[in-house]
Amino acid sequence: MTTTTKVDHLIIGAGFAGLCTAIKLDEAGEGDFVVIEKDTEVGGTWHANTYPGAACDVPSHLYSFSFALNPDWTSHYSPQPEIKAYVDKVAAESGVLDRVVLDTAVQDATWDEDQQRWIVTTVSTSGETTTYAARTVVSGSGGLSEPRMPDIDGIDGFRGEIFHSARWNHDVDLTGKRVAVIGTGASAIQIVPELQKIVAHLDVYQRTPNWIIPRNEHRYTEGQKALFRKVPLAQRAYRAFIYASLEARAPAFTRFPALQVATERMVRGNIAKGIEDDPELVAKVTPDYRAGCKRILISNRWYPALAADHVDLLTGGIASITETGIVDKEGNHREVDAIVVATGFYVTEPPIAQHVTGRDGRTLADIWDVAGMAAYKGTTINGFPNLFQLVGPNTALGHSSMIFIIESQVRYVVEALKAMRRDGHATIEPSAQAQASWTARIRERMKPTVWQTGGCASWYLDRFGHNTTLWPGQTFTFRQHLARFDVDRYDVTPTTEREAVSA
């Protein structure tokens, strides 16, 4: 049975981005919304990723909403369960959970020109289909929502346990097993040290090494937490200090990549501390490209874990997977009981883009397949009226907290909705010229960055060689760009008398 529901706003995803949108819309008086979440609970990335060792690599006091500070973070870098608990608490206290629909995925979102609404079809895990007619759609599905499985010959025929790090199978006990981990990125460097403690043997397959700096971890004392609770200004000052410290690193990424030599020196010290008397392993883990070209990672345990006697770092590449193991490109077959895939996500080709159809009948994926992802200010897209993309093209970061970016975008969305109400706009979309000009500026600004000049191939880059992932500047400049809704850069259509009454 299909039902149809008319709402003002439909939000896709109940992670940090979706919840922030819901909370701020509610505060702005735009309470007629629904949040569609495919998982069983809110939390997004921090609900889905429950692998051993899962934690954030952005300091806790900055990786949180500015309007919902948490004085009780236990450590400088929070583990996954603590972040999930924080999100749950914020969601529960915000009063928006009554409009969150869980266990439900967006199948299609299609712009209807006659109704001047988005027709959104959803399906629940039980198979129930619902159709929404929404004035606006805010996509907060995120860039780390859909795991990317590697295209390896024979992978479907492996008879042991195999799963992606973002879909960890907790029913499988890996204790005393022979395990292979494919990938050495942000998730893998947290997983491997945990698995190294319990497995009989661990094979780690590395394509290219990463620059990994020490994790300057520390736990907060009860006295510090009490101070933050009793003197909120002290916590805000501490948060500002963390923000400024991270922001000071931005020029080394965006303007002066040569400054990364200090980071490289730090990493070499980290390697020397973690690996002793094994020059071959040291050579394998030392990158040959500029630090920052790929995401700089943090860990004190990665190098010691690789140096353990029952761990092998394999760099020859994978040719195929058999029923019982992995064959490298030299023909060597290594049997394993389980394979953990830590190969990242569809970042430059977000799956949600295949399900969003604009005014001319083309999907976002159709548009972006021609020349890569692009959006005006990373948020709105020509040809897709009343659609707002959070954590969109060129909004991710290599040096600071995404929560800052999310809050900046949500402020822009709220200002846009206020303008629509105030000025009687039924639809808004950036003009083709505005979007083209913005994209050209971003790509020009990207040229001197370490991500374009650092000499590596990374998940930041799309198949055209464009970095459509990261913001090429300071985060405060991004916020300045989105400080006001610039309606003069938009094509708008007026609200008809009938629409005004129904609204």
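Which residue in β9 is the bridge partner of R178? The points below, which concern a predicted model, begin with that pairing.

1. The bridge partner of R178 in β9 is H201. This contact belongs to a parallel pairing of strand β8 (residues 178-182) with strand β9 (residues 201-205), which extends over five bridges. Between these two strands the chain passes through helix α4 (residues 188-196), and the β-α-β crossover made in this way is right-handed.

2. Strand β8 also pairs in the parallel sense with strand β16 (residues 338-341), here over four bridges, and in that pairing I182 has V341 of β16 as its bridge partner. Four of the five residues of β8 are buried, so that the strand is mostly covered.

3. An antiparallel arrangement is found in an open sheet of three strands, ordered β13-β14-β15. Its edge strands, β13 (318-321) and β15 (333-335), each pair on one side only, and the twist from one strand to the next averages 25°. Three bridges join β13 to strand β14 (residues 325-328), and S320 stands opposite V327 in β14.

4. R99 and D98 meet at 3.1 Å, N to O; R99 is buried, with a relative accessible area of 17%, whereas D98 is exposed at 61%.

5. In helix α5, K225 and E222 are three residues apart and are therefore separated by about one helical turn, and their side chains meet in a salt bridge of 3.0 Å, N to O. K225 counts as buried, at 10% relative accessibility, while E222 is exposed, with a relative accessible area of 55%.

6. The salt bridge between R290 and E264, with the closest N and O atoms 2.8 Å apart, links distant parts of the chain: R290 lies in the loop between α9 (279-285) and β11 (297-298), and E264 lies 26 residues away in helix α8 (residues 261-274). R290 is partly exposed, at 29% relative accessibility, but E264 is buried, at 6%. Elsewhere, D8, E30, R135 and R421 are linked in a network of salt bridges.

Technical notes
Residues numbered from 1 in each chain as written. Predicted model: local features only at pLDDT ≥ 70, side-chain atom pairs only at ≥ 80, totals over all residues. Heavy atoms only, no water. Buried < 20%, exposed > 50% of the residue type's maximum accessible area, 1.4 Å probe, protein only. Pairing = 2+ DSSP bridges. Right-handed = clockwise from strand over helix to strand, strands pointing away. Axes fitted to C-alpha atoms, helices over the stretch in contact; angles between N-to-C directions. Salt bridge = Lys/Arg side-chain N within 4 Å of Asp/Glu carboxyl O.
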